[in-house]
Amino acid sequence: MQSRQRSKVAIKFGIKLVQSGARARAIAQLISAQVETTLLRSCLALPKLLYVLRTCPPDHITHATRQFDSIMREALESIVSSRITDWSWQKASLPSNRGGLNLRSAVLHAPAAFISSAASTKTLVERILNRPTNLDTYLEKAVSALSSSSSHPEWLNLDDIDIPLRQRHLSCAIDEAMYQNLLDTSPSTRARALANSSALPHAGDWLNGVPSDVLGLHMQDKEFNSCLKYWLGIPLHSAPHLCPACRTSADEYGDHQVGCGGNGDRITRHNAVRDVIFSAAQSAVLGPSREAQGLIPESLSRPADVFLPTWQGGRPAALDVHVISPLQQTLIHEAAFSPGHALEVGVRRKLTTHLQACRSIGVNFIPIVAETLGGLGEEAINIIGAIGNAIDRRVTMTHSTSSTKKHLFHRLAIALWRGNTCLWLHFNYSLLKSCFYQYLYNYAIKHFPCGSPIIIAHLGLSPT
Ligand SMILES: [Zn+2]
């Protein structure tokens, strides 16, 4: 490419960059954090630049792509109202099925875009121009850049690339390397467990639904911001506190609260997830009942959060919902090195408690276990998928199940994350109340030493 043409490309890219950057900044000023993030991920990030990335050799636009990445990071920081660490930004740059936000790096993905386009059109371009081009030189440099940022350092030239030369496949190799790097550079055991847990199947579903009130997928700003911070490993509180519900130490990240049984919020989350499954089973005309009592003769145990009188093979099924935190102290070390460990523990716990009793009365027992970051167990994925299929068969009379199933998974994910926010936000409220009561107690002791026992008894204050 001649230097004049190169300058034209750079100017064109510069204009595009400024336009996209301005839009990204404008988006970060919108009203709803969930809408802002959805627009940023799906419209204004890398997809906006694809034409430029596919047509410009990556080494000609390095400065501009760096600027673009930096604008994206600023836009995300504006949405979460907090500075984010390099590790959290690296996590956000991954696709949602790898625990990120789909804010892919333009610097890293430019070679993949250019190679896929230039390699597939080279012959046609040369035939149109009726002369050889110098695309090979640019392709060589792009392959070299790709091999250094992907999980395939052995790719030295085009012939070495042993997967289809499509951008999707090449970008996957970059994501794979980035994800491995994220794990290797985790600043703590917690961060590594977080990276593992947020990359489990269906963990990213809460980000992928349309933020619509009508569909039950919209989240309030406070809810969404808390979830976004938790997802990216940003502390929810400035320092550890004493949990006002159970009086034990609570960390600044919010891990204690998502598993705290000190008040009723954990049950609220469980019930929210259960109700999504129950209403889906109703839509599928499966005749479900909620919290079926007296299922096991001469026992008070209730293995069926949702009971289906006729399920596969004509047998009834008891669906038992369980939400488990992989970041709780007893599981975090295993979760950091064995993805899905918490799910296995949850399933084992449920099977030990209910499987035998259900078998004895001819009922299929199906544990629906979810991690607090949204990852689902295999049994849960199968049963939710099957209910989605049943909705299509019974209600829409079609077999095109993908959108119904997707929507069901999205609703389930939003219910779960809303349940988490309930625990975080009530914690903040309780903490504030507890601090206020502490202040009142100190004030009473200091200014009304004679009357303080009466005041303390009246207000229900305690000296702790
Ligand atoms: Zn607690």
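## Confidence and overall make-up

The mean pLDDT of the protein chain is 85, with 84% of its residues at 70 or more; pLDDT is the predictor's confidence in each residue, on a scale from 0 to 100. Among the elements of the chain, helix H9 (residues 189-197) has the highest mean pLDDT (97), while helix H18 (residues 452-459) has the lowest (57). Where pLDDT is low, the predicted coordinates should not be read in detail.

This is a predicted model, in which local features need pLDDT of at least 70 and side-chain atom pairs count only at pLDDT 80 or more, whereas totals for chains, interfaces and linings use all residues. Residues are numbered from 1 along each chain as its sequence is written.

The protein chain has 18 helices and six strands; these are DSSP runs numbered from the N terminus, with helices being H or I of at least four residues and strands E of at least two. Of the 464 residues in the chain, 43% are buried (20 or more other C-beta atoms within 10 Å of the residue's own; 12 or fewer is exposed and in between is partly exposed, with C-beta atoms placed from the backbone). Among contacts with a separation of 6 or more, 66% join residues 24 or more positions apart; a contact means that two C-beta atoms, placed from the backbone, lie within 7 Å.

Let's look at helix H11 (residues 221-232). At 1.5 Å a residue, its twelve residues should span 16 Å, which agrees with the 16 Å between its end C-alpha atoms; the expected span is 1.5 Å times one less than the number of residues. Ten of the twelve residues are buried, so H11 is largely enclosed by the rest of the structure. Among the buried residues are Phe224, Asn225, Leu228 and Trp231. Just after H11, Gly233 takes a positive phi of about 80°.

Helix H2 (residues 33-44) packs on H11 at an angle of about 50°, with the axes 8 Å apart. Axes are lines fitted to C-alpha atoms, for helices over the stretch in contact, and angles run from 0 to 180 degrees between N-to-C directions. That makes H2 oblique to H11 (under 35 degrees is roughly parallel, over 145 roughly antiparallel, 65 to 115 roughly perpendicular, and the rest oblique). Ala33, Gln34 and Thr37 in H2 meet Asp221, Phe224, Asn225 and Leu228 in H11.

## Helices H4 and H6

Helix H4 (residues 62-80) and helix H6 (residues 106-129) pack at about 130°, with their axes 8 Å apart, and are therefore oblique to each other. From H4, Thr62, Thr65, Arg66, Phe68 and Asp69 meet Ala106, Val107 and Ala110 of H6.

Leu158 is found in the loop between helix H7 (135-149) and helix H8 (167-184). With 16 other C-beta atoms within 10 Å, Leu158 is partly exposed. Leaving aside neighbours within four places in sequence, Leu158 is in contact with Ala119, Leu139 and Val143.

Most residues other than glycine have a negative phi. Asn130, in the loop between H6 and H7, is not a glycine but has a positive phi of about 60°; with 6 C-beta neighbours inside 10 Å, Asn130 counts as exposed. Glu291 sits in the loop between strand S3 (289-290) and strand S4 (306-308), and has a positive phi near 50°. Glu291 counts as partly exposed, with 13 C-beta neighbours inside 10 Å.
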